[in-house]
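Please read them alongside the coordinates.

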Amino acid sequence: MWLFSKKGPSGFSSSSTAEEVTQGIDGTGLTAIVTGASGGIGAETSRVFALRGVHVIMGVRNMVAGVKVKEAIVKDNPAAKVDVMELDLGSMASVKKFASEYKSTGLALNILINNAGVLDSPSKLSQDNIELMFATNHIGHFLLTNLLLDTMKETAQRSNVEGRIIIVSSLGHRYSYPEGIRFDKINERSGSCGPFDYNQSKLANVLHANELARRLKVLRKISTNISWYYILYF
Ligand SMILES: NC(=O)c1ccc[n+]([C@@H]2O[C@H](COP(=O)([O-])OP(=O)(O)OC[C@H]3O[C@@H](n4cnc5c(N)ncnc54)[C@H](OP(=O)(O)O)[C@@H]3O)[C@@H](O)[C@H]2O)c1
């Protein structure tokens with residue numbers, strides 16, 4: 001279909017594969033966290049990063065599924081450096097635990113891929129009593145990013161390699177509620193207008209990325225080694 005094959009300024013299109021996009025790139029020496037790596041886009045991102053030599057830390061809530069993905073990656077690529085760590089983005093306690101354990105490993109962090117996402121129609125609240133899609137897709141990633149930002153800055157300064165944060169949103173962000181994000185009604189589900197709730201969480205992803213880019217560009221002017229930020233959305 002034309003829409004998927006139209007190339008952008010990068011020379012790639014929506015139908016380009018991760019292998020095509022990373023062809024010729026050597027990621028040896030880089031470390032990346034990929035959230036929601038137990039399936040879908042996160043699993044494929046982890047596989048291709050590992051193929052390019054990146055040390056991948058898969059952040060997953062389902063450890064059994066995560067370990068299976070890791071085993072499949074290593075089976076095809078025995079040199080792959082892949083670790084699996086437990087991370088439930090729908091729980092702030094789990095996000096804090098993950099960040100704390102990650103820091104205690106002493107690993108560097110060059111790339112953070114905030115990919116995990118849930119599109120869930122029945123009304124549910126997270127462990128922290130926040131509407132589940134908003135909690136998982138935005139709040140959990142917002143907290144994770146904040147908790148890992150210093151590690152990313154230290155890595156960038158030490159290695160002289162700019163870091164990257166990728167926040168995976170959706171074209172759906174354009175179709176949120178008319179007022180954008182309903183901060184005062186975040187736990188009130190829209191019933192028949194179900195996609196609005198997913199879309200507002202994806203709008204929050206875009207706003208988060210834009211604001212990070214704005215703040216970190218300022219920092220970047222002060223110190224050349226501070227990471228800057230990038231958004232990818234489908
Ligand atoms: N595929 C598309 O066409 C499309 C279009 C627009 C945007 N996106 C965005 O792309 C991202 C990836 O989507 P996908 O298509 O790969 O979806 P997917 O196949 O459903 O995979 C989602 C991943 O997120 C994980 N996840 C869900 N809730 C989590 C939580 N609370 N904590 C940790 N991990 C959690 C899932 O883990 P479990 O195995 O534990 O469930 C799974 O590994 C999402 O942010 C989505 O909104 C996708």
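**Notes on the predicted model**

1. Leaving aside neighbours within four places in sequence, L144 is in contact (heavy atoms within 4.5 Å) with T35, L87, V95, F98, L112 and N114. The model is predicted: local features need pLDDT of at least 70 and side-chain atom pairs count only at pLDDT 80 or more, while totals for chains, interfaces and linings use all residues. Residues are numbered from 1 along each chain as its sequence is written, and side-chain values use heavy atoms, with hydrogens and water left out.

2. L144 also belongs to the largest nonpolar core, which has 22 residues. Such a core is a set of buried Ala, Val, Leu, Ile, Met, Phe, Trp, Tyr and Cys residues joined through side-chain atoms within 4.5 Å; buried means under 20% relative accessible area, exposed over 50%, and partly exposed in between (1.4 Å probe, protein chains only). The members that touch the most others are I33, F98, Y102, L112, L144, L148 and I165. At least two residues each are supplied by α5 (92-105), α6 (132-159), β5 (164-169) and α7 (195-222); helices (H or I, at least four residues) and strands (E, at least two) are DSSP runs numbered from the N terminus. The largest share, five residues, comes from α6.

3. A second, separate core comprises 19 residues, including V34, A37, I73 and I166.

4. R158 is likewise placed in helix α6. R158 counts as exposed because its relative accessibility is 61%.

5. How many residues does helix α3 have, and how far does it reach? Helix α3 (residues 40-51) has 12 residues and reaches 17 Å from its first C-alpha to its last, close to the 16 Å expected at 1.5 Å a residue; the expected span is 1.5 Å times one less than the number of residues.

6. Within α3, the buried residues are G42, A43, T45, S46, V48, F49 and A50. They pack against α2 (18-21), β1 (31-35), β2 (55-60), α4 (63-76), β3 (82-86) and β4 (111-114). An α-helix has 3.6 residues a turn, so residues three or four places apart point the same way. After α3 comes G53, with a positive phi near 95°.
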